[in-house]
Amino acid sequence: MITKKDIMEISSLSKLYLSENEINTAINDISSMVKFVSQVNSVDASFEPLESINEVTNSFRDDKIVNSFPREEVLENAQGGKEGFFCVEKAR
Amino acid sequence: MCSRSVIKKINKLLLSKELSCKELTENYLNQISSSSLNAYITVCKDKALKSAEKVDEKIRSGEKLELLEGIPMTLKDNISTKAIETTCGSRILKGYKPIYNATVWNTLKSKNSVLLGKTNMDEFAMGSSCETSFIGGAKNPHNLNYVSGGSSGGVASAVAGNIAAYGLGSDTGGSVRQPSSFCGLVGLKPTYGSVSRYGLVAYASSFDQIGPIAKTVEDAAIVFDEIAKYDPLDSTSNPKANSLKTYESLTKSVKGLKIGIPKEYYDGIDEEVRKSLEKALEHYKSLGCEIKEFSIPEVKAALPVYYILACAEASSNLSRFDGIRYGYKTSHYTDVNEMISKTRSEGFGAEVKRRILLGNYVLSSGYYDAYYKKAQNLRGLISRAFDKAFNTFDILLTPTSPVTAFPANKKYSSPDEAYLCDICTVPVNIAGLPGVSIPCGFDSNDLPIGMQLIGKKFSEAKILNAAHQFELVTNFNYIKTPSMGVKI
């Protein structure tokens, strides 16, 4: 049901590199998982969708300026932060 | 009858000055370091002792001590703790130290809780055995060859093994209730919106909820009453949370309580689990409850609905792990795309990759309507079916898991075979309801059996009341207790 092409496409969307071995395992695993979740297609689902199980919608806080995290702290966990910025390689 | 609450016993012990909080904490830390449970990922020795000294100072000066003060406890390793490593059981977050505290930890810290450390879990809470953790699974204190359950397996292992008085886990599809059931503990999954998710590393945001794992219903109620409150930092937090007070309702009579038995939950469950639940029903009958079987066929779709929606949300939530701002970063790459892809491929484990792939598959164009949209529709159907059931019943009684703890390193023929274990727990998350698992017996291998009480939204007081009344007439939460760890 799931082809190698499908796996290549979704792994690229997922930003995951898979080895040849992992691709073969993924074809089996994802096929089996998709077959499993396809059970939803055997049930009548012509109802209103439930977008949220929460009764709370549009939760706004007061429009007041509050303290934010200090820039140095935010960058503490970044590898390769420079001059107060996150740094990445140039995109090509 | 004398209370079996571990929190109350410790509080009494501290106030009697028989033992200082520092001595008690040292006992716990010593037991943790000699433990073979693999329950902890990080131990916070210095910070724990410092918190304990603060409590001792308070006791010495004769100040009033609240129940949670000085109680040595633990947090699942996906609950953010400032300057304390928070790994989510994943290689990709090894070394990551959050710069802020989760609201639940801020609350408990302000009550002078003693955080012993961060406990083991399935990687990003994806699993039902704790074995997808990058350090391997936490063991079941009732039998070390068996799993502790998951994903909050470390918390359950630590509490059952007496190397934490209680702990907080997170429950997306059963991750608090199922390990509690496997380890003979009480585990509460609160109503969606009643406990702040701020600082909980997200797996599936519309399902995730933090809840207590403890030895007794009293302990779970004491902790829940403290952490249930409205939090402006979580946009899904509900102001109703502020009025949730469960502890004071525990002693109420359950005479006349209407208990529904949804028969679909009992299809294909283990015979020993079934017999245990039948005995539990007899107890409730003798307490004056009205028990009636009914049918809720909508829950048959719960597992596929859950795996579609949870994986879809996970694929989006986990896209933040890119090696740029925090966590693991690959060392060799030529451009930014390669850096992100290699970081993620090297940092995530197999189960996490599978769920991200499935999530992106059901969200991708061409499949969105067939899977994601349909699952959302069915989520509504399931939720409304529960609403209807609660027009007739006060609470529902079901197994927590169709089986008891299984042996470690169990092999499955496919990933979805392992998911079947979650069949009794996921419907509660789909509908945003509260559910509590409590011990109700042991199987022939002396492994604990758990049962689940489900209530309508914000009815935690009712399900914990029914749970406590059951606990009072049974002894499952203190017989056959593992003899390891700290004796209280």
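The buried residues of helix α8 of chain B are covered by elements including β9 (258-262), β10 (290-294), β11 (395-399), β12 (435-442), β13 (448-454) and α15 (460-473) of chain B; helices (H or I, at least four residues) and strands (E, at least two) are DSSP runs, numbered from the N terminus. The model is predicted, with local features requiring pLDDT of at least 70 and side-chain atom pairs pLDDT 80 or more, whereas totals for chains, interfaces and linings use all residues. Residues are numbered from 1 along each chain as its sequence is written, and chains are lettered from A and ligands numbered from 1 in the order in which they are written.

Within α8(B), B:Val273, B:Ser276, B:Leu277, B:Ala280 and B:Tyr284 are buried (20 or more other C-beta atoms within 10 Å of the residue's own, with C-beta atoms placed from the backbone; exposed, 12 or fewer; partly exposed, in between). These residues lie on the same side of α8(B), because they cover an arc of only 95 degrees around the axis, taken from the directions from the helix axis to the C-beta atoms. On the other side, B:Glu271, B:Glu278, B:Glu282, B:Lys285 and B:Ser286 are exposed. B:Gly288, which follows α8(B), has a positive phi, near 95 degrees.

Between the chains, 44 residues of chain A are in contact with 53 residues of chain B (C-beta atoms, placed from the backbone, within 7 Å). On the side of chain A that touches chain B, α1 (4-13), α2 (20-37) and α3 (71-75) of chain A each give two or more residues, and the largest share, eight residues, comes from α2(A).

Technical notes: Two residues are in contact if their C-beta atoms, placed from the backbone, lie within 7 Å.
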